[in-house]
Structure formats: structure tokens, C-alpha cells
Amino acid sequence: MKGALIGCGFFAQNQLHAWRDIDGVEIVALCDQDAGRLAQSAADFDISRTYQNAAYMFAAGGFDFVDIATTVGSHLPLVRMAAEAGMHIICQKPFAENLEDARVMVAAAEDAGKVLMVHENFRWQSPIQAALEVVKSGGIGDPFFGRFSFRSGYDVFSGQPYLAEGTRFIIEDLGIHTLDIARAFFGDASQITATTKRVNPAIKGEDVATMLLAHEGGATSVVDCSYATRRTPETFPQTLLEIDGTEATLRLDAGYQLTVTGKAPLTKDVSPPLLPWAEKPWHNIQESVQTIQQHFVDCIAQGHPPQTSGADNLKTLALVEAAYLSAAEQRAVRLSEL
Ligand code: NAD
Ligand code: 89Y
């Protein structure tokens with residue numbers, strides 16, 4: 001399968017490394033408006049076809065899928081262009097700036113009859129997958145409560161300066177992953193209540209969010225995120241879990257330690273592997289990039305919809321929108337309102 005990648009920035013380097021290691025895939029073209037970044041990635045990954053304008057790249061063709069690794073503002077036009085060019089599409093999170101744009105993108109890919117997957121990779125982290133396996137196989141009985149927690153003081157702004165500039169920050173950038181993990185464990189939510197706070201005076205958006213979700217299946221979860229939390233050891237970029245079931249409690253604690261207390265007790269180190277091109281502490285995220293991209297390829301080959309398809313991601317995005325609405329209006333928001 002031949003692919004093209006648009007957006008040769010900070011995070012795309014991980015995606016390019018991962019594509020290089022996936023059997024049967026070759027990235028044959030690159031696009032970035034920034035000539036310097038484009039040239040650097042082309043040289044690093046030995047890719048000869050380069051474009052500063054995506055329309056020209058699609059017109060030239062010669063590939064089956066496109067990996068959109070740009071920031072959210074360009075996703076709508078690029079996904080539309082890709083669907084019109086008849087490409088399978090993988091697009092970075094946050095998928096869209098609002099639900100309306102996201103629905104337009106999902107419809108465009110459906111009309112083209114092509115796979116559209118959102119690069120919603122956190123649920124694919126191997127420690128999260130290990131915990132999911134225990135819960136989904138009935139290892140804790142019926143889960144009734146979950147805490148999905150990401151708290152850190154890591155400086156994400158040096159690598160991603162745009163994160164300091166938007167009026168929205170942690171829910172849209174990071175909480176979106178944590179909300180998606182909550183959905184992976186407990187299914188869709190019918191109601192959310194959220195509070196937000198900005199602690200860091202140097203940024204525009206909120207860097208703390210605490211969310212309470214009522215899931216359709218009857219479970220309750222707390223999704224809490226912070227980039228204003230000092231910790232020793234620093235846990236970036238770990239999502240910590242505590243899930244109570246009728247027969248046991250599962251915890252994924254700092255340092256990737258998985259324990260089950262109660263029925264079939266378990267203590268296990270579920271640390272992610274350090275891939276040859278990866279570096280700590282990002283290795284947890286980097287491994288999930290490889291896993292989700294492999295999932296995309298497998299889904300196309302086998303004709304299955306991806307777990308984190310564009311259509312599925314509408315539900316995660318709806319939670320993001322509902323969380324901001326809840327915080328702004330200081331009330332519980334039913335997802336059916338959106
Ligand atoms: P970045 O700003 O470093 O890179 C984006 C690149 O896209 C830039 O080089 C820019 O010139 C290029 N670009 C923008 N619009 C373009 C267009 N229309 N045509 C061609 N090139 C264009 O951003 P980043 O930090 O790499 O983040 C990219 C996306 O990845 C964001 O949406 C971010 O949220 C996401 N991200 C995801 C994860 C994850 O774990 N899934 C982690 C970090 C970042
Ligand atoms: O952009 C974010 C993401 O998706 O994972 C971590 C991150 O890089 C900073 O919050």
C-alpha cells in the first residue's frame with residue numbers, strides 16, 4: 001500500500017518512523033507548507049516526491065491513502081480533498097474544531113466509499129490494552145466505576161507551542177484521549193458534568209479539567225486531566241486507571257504497574273516496549289502510533305471499520321464539546337443536546 005503524509009511537523013516524525021516499520025506500506029510523497037520541514041523529513045526518510053500544496057499532490061496521485069498530520073484547522077479542507085481524490089484517510093486528533101465539520105468529513109469519506117480513521121491512539125497504548133483485556137474478559141465482574149486520570153507538570157509547550165495559544169487547551173488536546181479511553185472501557189456516555197481551570201498564567205486555555213460521566217450502560221466515570229500538577233516521579237504521558245467491578249478492582253498505577261485485587265488477583269508490569277526509534281518518556285505514545293497505524297492497514301486489507309473510525313470519533317468529540325458547554329454553563333449536559 002502506498003501512502004502520502006501531509007504535515008511534517010513535531011508529531012509526524014513518529015508517524016513516519018512507524019510507517020517505515022509496517023510491512024507492505026511505503027510513504028511515497030510528503031506535503032508541508034513549510035519548505036524547511038518538508039525538506040528535512042524528505043531527507044530523513046528518503047522520500048523523493050515533495051509538495052508544498054496538497055492539491056498538487058492529490059492531482060499527481062500514485063498513492064492509496066493519506067495520513068493527515070497537521071493541526072486541526074486544516075483537517076476539514078484536507079479530508080474533503082482526500083475523499084474527492086478517492087483516498088483512504090487517517091487524520092490526527094482533534095479531528096475537527098466542531099461537530100458540524102466532523103460530520104461533514106465523515107459524510108465525505110462515506111460518499112467516497114473510503115476508510116476514514118482518526119489517529120486516536122491512546123486507547124492503543126499497550127498498558128491500556130492490557131487493562132482493557134482484563135476488564136473485557138470479565139476479570140473484575142461488571143464494572144461500575146472508573147477513574148481515568150492524566151496529571152502532569154511536563155512542559156508540552158516547548159515541542160507544541162500552539163498549545164499555549166488556543167482558548168481551548170487540555171480537554172481538546174489531551175482530555176480528548178482520556179475521554180476516548182473511558183469510552184473504550186465503558187461505552188458511550190449519556191451525560192457529562194465538567195469544571196475547568198487555568199493555573200498556568202502563560203497560556204490562554206484551561207490546563208485543568210475534571211469531568212464526571214454517566215455511561216449508557218450504567219457505569220460512572222471520573223475523567224481528570226491536569227498539566228498543572230507537580231509529581232515525583234513525573235508520570236507523563238501515563239494515563240492512570242482505577243476500575244471497580246462487582247468482583248474485583250483493577251488499577252493501572254504509575255510506572256505501568258497493573259494490579260487486580262479480588263477475584264483472580266494479579267500484579268503485572270505492563271510497561272510498553274521501547275521501539276528502536278523511540279525515546280522515553282514518549283515511548284508509550286510512540287508505540288501506540290505504530291499499533292494504530294497497523295490497525296488502519298489491517299482494517300483496509302480486511303474490510304473492517306477501524307475502532308476509532310471518523311464515525312466513532314464523533315462520540316468522543318461530542319464529549320469534548322459537551323464538557324466545554326458544561327464548564328461554561330455550570331450544569332450537567334446531556335449528550336443528546338448536541
Ligand atoms: P506542528 O505544528 O508541529 O506540525 C504541523 C505541520 O503541518 C506544520 O509543519 C505545518 O506547516 C503543516 N501544515 C499545516 N497546514 C498544512 C496544510 N494545509 N498543508 C500542508 N502542511 C500543512 O504540529 P504537531 O505538534 O505535529 O501536531 C499535529 C497534530 O498532531 C495536532 O493535531 C496534534 O494535536 C496532534 N498530536 C497528536 C498526538 C497523539 O498522541 N495522537 C501527539 C501530539 C500531537
Ligand atoms: O498533543 C498531545 C497529545 O495528543 O498527546 C500528548 C500531547 O502531545 C501533549 O498534550
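Where is the place of Pro-237? Pro-237 is in the loop between strand 10 (220-226) and strand 11 (240-245), where helices (H or I, at least four residues) and strands (E, at least two) are DSSP runs, numbered from the N terminus.

## About the model

This is a predicted model, in which local features need pLDDT of at least 70 and side-chain atom pairs count only at pLDDT 80 or more, while totals for chains, interfaces and linings use all residues. Residues are numbered from 1 along each chain as its sequence is written, chains are lettered from A and ligands numbered from 1 in the order in which they are written, and side-chain values use heavy atoms, with hydrogens and water left out.

## Around ligand 2

Let's start with the ligand. The residues around ligand 2 are Lys-93, Phe-122, Val-156, Gln-160, Asp-173, His-177, Tyr-227 and Trp-282; a residue belongs here if one of its heavy atoms lies within 4 Å of the molecule. By class, this shell has four nonpolar, two polar and two charged residues. Here Ala, Val, Leu, Ile, Met, Phe, Trp, Tyr, Cys and Pro count as nonpolar, Asp, Glu, Lys and Arg as charged, and the others, Gly among them, as polar.

Taken alone, ligand 2 exposes 280 Å², and the protein buries 94% of that (Shrake-Rupley method, 1.4 Å probe).

## Cis peptide bonds

Back to our opening residue: a cis peptide bond joins Phe-236 and Pro-237, with omega about -5 degrees. Another cis peptide bond joins Lys-280 and Pro-281, with omega about 5 degrees. Pro-281 is in the loop between strand 14 (266-269) and helix 8 (283-302).

## Positive phi in loops

Asp-46 is not a glycine, yet its phi is positive, near 55 degrees. This residue lies in the loop between helix 2 (35-45) and strand 3 and is exposed, with a relative accessible area of 72% (buried means under 20%, exposed over 50%, partly exposed in between; 1.4 Å probe, protein chains only).

Gln-330, also not a glycine, has a positive phi of about 50 degrees. Gln-330 sits in the loop between helix 9 (310-329) and strand 15 (333-334), and its relative accessible area of 73% makes it exposed.
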